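I opened my notebook to look up a few things in this structure. Here is the model, and my entries follow below.

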Amino acid sequence: MKNKFSFNLVLYKTFKKGYVYIILFLLLLLPDAFIDKKSILNMLQNILTASVFIVLCVVFLYNFLFWFFSSYNIAEEGITVKSGLFNRRHNYLSYNRINTLNRNQSFIQKFFRLEILKVESGSVSSSSNNSMMLYITTRKVNGVIKKLDFYTDSKFSNVNNEKKKKLDKKAFIYKFSKKEKFMFVLLNILAFIIFELLIFFLIPLADIFVYISFKVYISGLIAFFSITLLIAAVLFYLAFIKYYNYLIFKTDNNIIIKYGILNSVTYNLPFDNIKGCRVQNNIIYRLFRFRIVTLDVVGYKEESEKFKRLVKSGIMFPTISLIQYKTISNELIPNFSTLEAKFKSKSMTSFFSFKFIVLLLIYVVSSIISILILSFNFDPNGVTYLVTTSYLYILYVVISVMSVYLLRKNTSINIVKDKISLSYGGFIKNEVVLFKNDVIAVNKIDDFFKKRKNKASFKIHVRSNYFNNIIYIKNLDIKVYDELLTILK
Amino acid sequence: MTSISKKAIVIQLLVFLLFIILICVFGIPLIINFLPKFKNITLIISIILTCILSIICFIYPFLYYKTYKYIYNNKDIFIKYGIFIKHEVTIPTTRLQDVQLIAGPILQIFNLKKIIISTAGSNFKINYLSSKASKELVEHLEDLLSNKVENKKTLLLEKVKASKSSKVTS
């Protein structure tokens, strides 16, 4: 039996696509005392009002037809969704391929009593759709989940129970606390502040005021700090509005992640669908012993509607202290605890890029030439120029050496029975734990210098539900390649 | 190890030739007009640079052809490429999802094909394959895929039967 989407979808889509026209139309309807009723201006205003109204009607009609020609059907074998007006889409997904069900309701959707039920298959292939969206009312969502639950042997019973608030609110395993929220804002902004301080308080050392006035310097300083404030505002929004009441529950088969005030989101993640875990920490996070943890689960991702390709893996702990993570991860994701490094990179020189060596050579040669010229023909401006460029080069060299040191320190791999634990990255360290079965292919990259030192870099292609599914680890022993090949066999 | 079609050298040489002609006809006069004061020096430098570029463009297709190799069997597909930085890719056939055969206008003129091998994680491509070689590879992969699908079907059917029988007994 065919079912229709909620009619509120027409109103919601008309509002979403045509809110600019609605505002313009209302503004044009306001009586203007300065315009003579018989003048050409008045006539033009009337024409504009009429055209905006026609555009609104067209948008409404399009959305109405979209709704009229769209339907979904929950049959015995699978779920079918037909949608589209000009490009007709007929999507079919059998029940055994459904991996997750996600309920999503934005702030505007709440007004229209509309909810999106996302049925995810977890495919990332371009040839097949990885999710189906059902635009239905909250009441109907519960009914649809019940039906899907019936056909999939109670796989998704928790999705309904959770929404009905049957889950004990005090039984959460993890809560994104206020302290952690402040740390989330502070630790993310600290890197920018340090960078700005470094640039603006060390610049006078390079005697840059020969080229720019003090006023320009101050306005640059204000501009940079305004950007920092803006970023801080965004971070505050993320911590206190987007991740409002961020709770993680654990049931027999699933992890339930729930958050949001404007956009209330509920993710229901079956344990079997967890593919990997990524622990990320930049140098400042490491200093304060905090971590960001993301989970790679089929059907759990953050994506924007406009940029479909910018899909990120789902966040699990936005900011968590190391001690708390160790205790909680043992309870929530015991299979994904990081292992000790077995193969570590020993050489530091092989991490230096070709670009770095070329730039260093250019700097050394040009400095020698400049010093020679200045010793024969002294010019104070020339000296200032040399000091300024030297300052920037030294800064670049220091940052590069630090980055390379951290890269060498962080790069490692360990392969055990059924898992691989990888660690990589310089200033931003990543620790990833994956199942061996999810490794798709291995790409070995080497050159003349690496071959001489018996080293190679590896790109490990991983089955994952988002597009950044290649892990690139540099300069490891060539023995690792054989171990990686044994995984594939 | 199997090499790609030798026509790849011809195609790349033609593309590079077109590129060099464009530089000579439009690029060099434009730079000379932009710096009229240093006309002679600019002309000499741009001629030297164009010559170096032409030599690289002439050698590159031959090296590309010599280094691009692939081999496949029932277990995995192995692709090797790269002139200075060597790449070696191993894709197990068990991880295959779909195979695409693509031929753009230039490849069609030379009766060549490009194969894109999709897995659940990434896509891998083999360029400049002759139609015979591409047909053989695709047929081989299709056989493997159909075997994989049939195996999965039988496994699923067995699972369904087992669950039904357990329900009946309970």
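In which strand is A:Lys444 found? I looked it up: A:Lys444 is found in strand S19 of chain A. Strands (E, at least two residues) and helices (H or I, at least four residues) are DSSP runs, numbered from the N terminus.

A note on ground rules: this is a predicted model, where local features need pLDDT of at least 70, side-chain atom pairs count only at pLDDT 80 or more, and totals for chains, interfaces and linings use all residues. Residues are numbered from 1 along each chain as its sequence is written, chains are lettered from A and ligands numbered from 1 in the order in which they are written, and side-chain values use heavy atoms, with hydrogens and water left out.

Entry: I then followed the strands across both chains. Seven strands form an open sheet with antiparallel pairing, in the order S21(A)-S20(A)-S19(A)-S4(B)-S3(B)-S2(B)-S1(B) (two strands pair if DSSP finds at least two bridges between them). S21 (470-477) of chain A and S1 (2-3) of chain B are the edges, each with a single partner strand, so one side of each has no neighbour in the sheet. S19 (residues 439-446) and S20 (residues 455-462) of chain A run antiparallel and are joined by six bridges. In this pair I found A:Val439 opposite A:Val462.

**Entry: chain B.** I looked up four helices and seven strands in chain B. Its radius of gyration is 25 Å, well over the 15 Å that the globule rule gives for 170 residues, so chain B is more spread out than a compact globule (the radius is taken over C-alpha atoms, and the rule is 2.2 Å times the number of residues to the power 0.38). The C-alpha trace of chain B spans about 95 × 30 × 30 Å along its principal axes. I also noted that buried residues make up 34% of chain B.

**Entry: confidence.** Chain B averages a pLDDT of 85 (the predictor's confidence in each residue, from 0 to 100). Within chain B, helix H4 (residues 131-169) is lowest, at a mean of 79, and strand S2 (residues 69-72) is highest, at 91.

Terms used. Buried means under 20% relative accessible area, exposed over 50%, partly exposed in between (1.4 Å probe, protein chains only).
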